[in-house]
Amino acid sequence: MPLPNTPMAPKRGESVEPTPEHEDFMAKLREYHEKRGTTLDSLPKVGVRHIDLYKLYQRVVSEGGYDLCSDTKAKPLMWRRFAEEFVGKNQYTPAQAFQIKNVYYKNLCAYEISNHWQKDPPPKEILEEVTAKGGNVMGRTMDNFVRPPTKEEKEQAAEGSEHGTSPEQKTPKAESAAVDGEDPNSAAGNRTRGLRQAPPQRVLFQPDLSSSRQTRGAAHVNQSPTPGQQAPGSNSFVSNSSLAAASATLANYEPPSSYPLTLKPVTTPANNPDHYRNALKRKAEATMTPLARKYRHIMLPGTGFIGPNIYVRAQMALQSGVESEEEYALHHLVKISHERGDKYRFDQFPGLAEALVKKVLQVSSLFWDVEWDISYDDDMADFYDDETLNGLSGTSDAIQKLKSRLPLVTTDTVTDARWNANLERVIEAGLVIRNMCLQNENAQYLARQPMVRDYLAIAFNLPPHPSIVELQHYALDTAEQILVWVGDMGPDDAVYVSLLELLEKSEDRGAIMTALRTVARIGMHLPDPKRLDGISKEILGRVGAWLMVDDEEMKNACLDFLFQFTSFADNVEILLQNADSEAMARQLSRLLLFSAKEERSGRPSTGQQPAEDKTSGFIPKLSRSVVEALLKIEEPERSSEWLRMCFLPSKESEMTQISLWQSYQSTFSPYQSHLIAGDFIKNVS
């Protein structure tokens, strides 16, 4: 990854860009090398790319110069980074890193010392004419620099060391070719000087089979030569040392150890069924028709193809419009949105939100003679008919279009199975939207969809029918989550007007509380609070009445609504004029003192003793009939029953065992029937 503010690696075959700065730099660099007496490679090449010396000089100087970039502790792998910038990252980057370093070393190092550091560079004999390995160029002098030997010097040193070795240790290359007394300086010697010498002929070892003891006369008998002897005048290359080594090898010879034989099992259907299965598969492929062979790698339905995951399958099934597919999709989407709603996001599945909103809009077709058609062409907005909704900017008159149609269902609660099945799918789609918008990311995504506000307005204006109560509650929950992210909602918006009408007419406790919270959330629009306009006298009166109800959730919803409504001074005047201000003030005062506890400040005087706990001296008084009923119970059950009748467990009070015994004794002593103190305390403890 290239470092910030660094040039990217040029493309393959791209030449160096001839800018005025580059040309001026190269002119100065050529003049410098002419004065120094060195050769300049003005367009060096590393790999398949040319290196821009001007940019390379600027980069190295910006990193601290050649010596700092070559310091592996201060800047490790710095030349490798330069190679990735100027050549590109590839499998040869480590080798190209040294090539980049060598290019800078030969062409720019001395120039950097002279012009950037304003110092005298080392002579070219210990700079340009030696390798680029190592660093600390500025501290290099003729006295402290040890020049590494060249390749020729290494070869000469190796040849000189070979002359000092014994003939047995010489390599065949070091031996001179003098065969049959030829002069090395002769023409024949010159012809064979460059040829390889023939290897010495190997003589097989023939052990002496005769007796180890020999007579004197047998010693003069001319016997066949043995490996340890050499006939005079013979041209044998076998030396005594090689024969001794061969003898030692034969003497130390040991036969190789035997290893157990590895057996390969015979392939049978029992131990290798895959072999026969693959053989049958290859046989079947050999007999395939050309068409079957063409589509053999395509997994068709029913051939083991798993298909897409459940999320994509559910979305595609919902978009298909087939009733059975929609039932399958909505069943799984309800389960997914309930169990994995925190990880299921609309922006990860484009088109899912639009498909769900399109499905819930079909509720209009159950009550009116209308089939909505969604258009995404603003140019044709002036030509939309009464059954077309604008999918890009929303339809402000959707309610007017809906109420102009012929109603299909009025107050009749008897419906057929097909109608119920369609309504059930619509309700499931509304439930999926409600579950998913509980996540902030999904709520913000739906707030940017104009069709969602059309759905909410239509759901709030459905005719009063018992089958749509669940859908309207889902729509209210959805509105509570997404309207806080809507910033362009005015007092004439269809959703806002529908919510106010619901507060005026509805008697459903859950719908009223959700509507109050939703309107309050509309007023929470940031960064500045939004004024709640259009609040009628009837709504304010109902809110004041709801505050009187002994319902904590209803009170909280009313207080949230009043808090947002009274954030503007004009609304405070409207509230005082249209509501029973005296009753509301008394109720608000009581709410302020709800669960309040009286606390007395001050400490008792030094000599004053803290008051004793009244519980410790409490003696319960029971009626005679109750005591007589307890006397019918035998001890120790009687004492336990008395304890349960007279006392309750409490963490805030305490009572000593003596006080408890005194209470028990005062109750049963007139009847001369009670336990002694030890037995009583043991029983009640």
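**View 1. Packing of helix α4 against helix α5 in the predicted model.** In this predicted model, helix α4 (residues 78-86) packs against helix α5 (residues 93-107) at an angle of about 95°, the two axes lying 8 Å apart. Angles of 65 to 115 degrees count as roughly perpendicular, and α4 and α5 are therefore roughly perpendicular to each other. On the α4 side the contact is made by Trp-79, Arg-80, Phe-82, Ala-83, Glu-84 and Phe-86, and on the α5 side by Thr-93, Pro-94, Gln-96, Ala-97, Ile-100, Lys-101 and Tyr-104. Sorted by class, the residues in this contact of α4 with α5 are 8 nonpolar, 2 polar and 3 charged.

**View 2. The largest nonpolar core and the surroundings of Leu-356.** The largest nonpolar core comprises 91 residues, and Leu-356, Leu-516 and Phe-561 are those with the most contacts inside it. Helix α18 (residues 417-436) gives the most to this core, contributing 9 residues, and at least three residues are drawn from each of domain 2 (310-479) and domain 3 (487-591). Not counting residues up to four places away in sequence, Leu-356 touches Leu-318, Leu-330, Leu-333, Phe-346, Ala-429, Val-432 and Ile-433. Apart from this core lies another, of 34 residues, among them Val-46, Ile-51, Leu-53 and Tyr-66.

View 3. Helix α15 (residues 352-360) is mostly covered, with 7 of its 9 residues buried. The buried positions in α15 are Leu-352, Ala-353, Ala-355, Leu-356, Val-357, Lys-359 and Val-360, so that the list includes the charged residue Lys-359. These buried residues of α15 pack against α13 (310-320), α14 (323-339), α18, α19 (440-447) and α20 (450-460).

View 4. His-33 is placed in helix α1 (residues 20-36). Buried means under 20% relative accessible area, and His-33, at 3% relative accessibility, therefore counts as buried. Leaving aside neighbours within four places in sequence, His-33 is in contact with Thr-38, Thr-39, Leu-40, Lys-106 and Asn-107.

**View 5. Helix α24 and what covers its buried residues.** In helix α24 (residues 537-547), the buried residues are Ile-539, Leu-540, Arg-542, Val-543, Gly-544, Trp-546 and Leu-547. An α-helix has 3.6 residues a turn, so residues three or four places apart point the same way. The cover over the buried residues of α24 includes α22 (494-505), α23 (509-522), α25 (552-565), α26 (569-578) and α27 (581-592).

Methods: Residues are numbered from 1 along each chain as its sequence is written. This is a predicted model: local features need pLDDT of at least 70, side-chain atom pairs count only at pLDDT 80 or more; totals for chains, interfaces and linings use all residues. Side-chain values use heavy atoms; hydrogens and water are left out. Axes are lines fitted to C-alpha atoms, for helices over the stretch in contact, and angles run from 0 to 180 degrees between N-to-C directions. Helices (H or I, at least four residues) and strands (E, at least two) are DSSP runs, numbered from the N terminus. Angles under 35 degrees count as roughly parallel, over 145 as roughly antiparallel, 65 to 115 as roughly perpendicular and the rest as oblique. Contact means heavy atoms within 4.5 Å. A nonpolar core is a set of buried Ala, Val, Leu, Ile, Met, Phe, Trp, Tyr and Cys residues joined through side-chain atoms within 4.5 Å. Buried means under 20% relative accessible area, exposed over 50%, partly exposed in between (1.4 Å probe, protein chains only). Domain bounds come from an automatic or database domain assignment.
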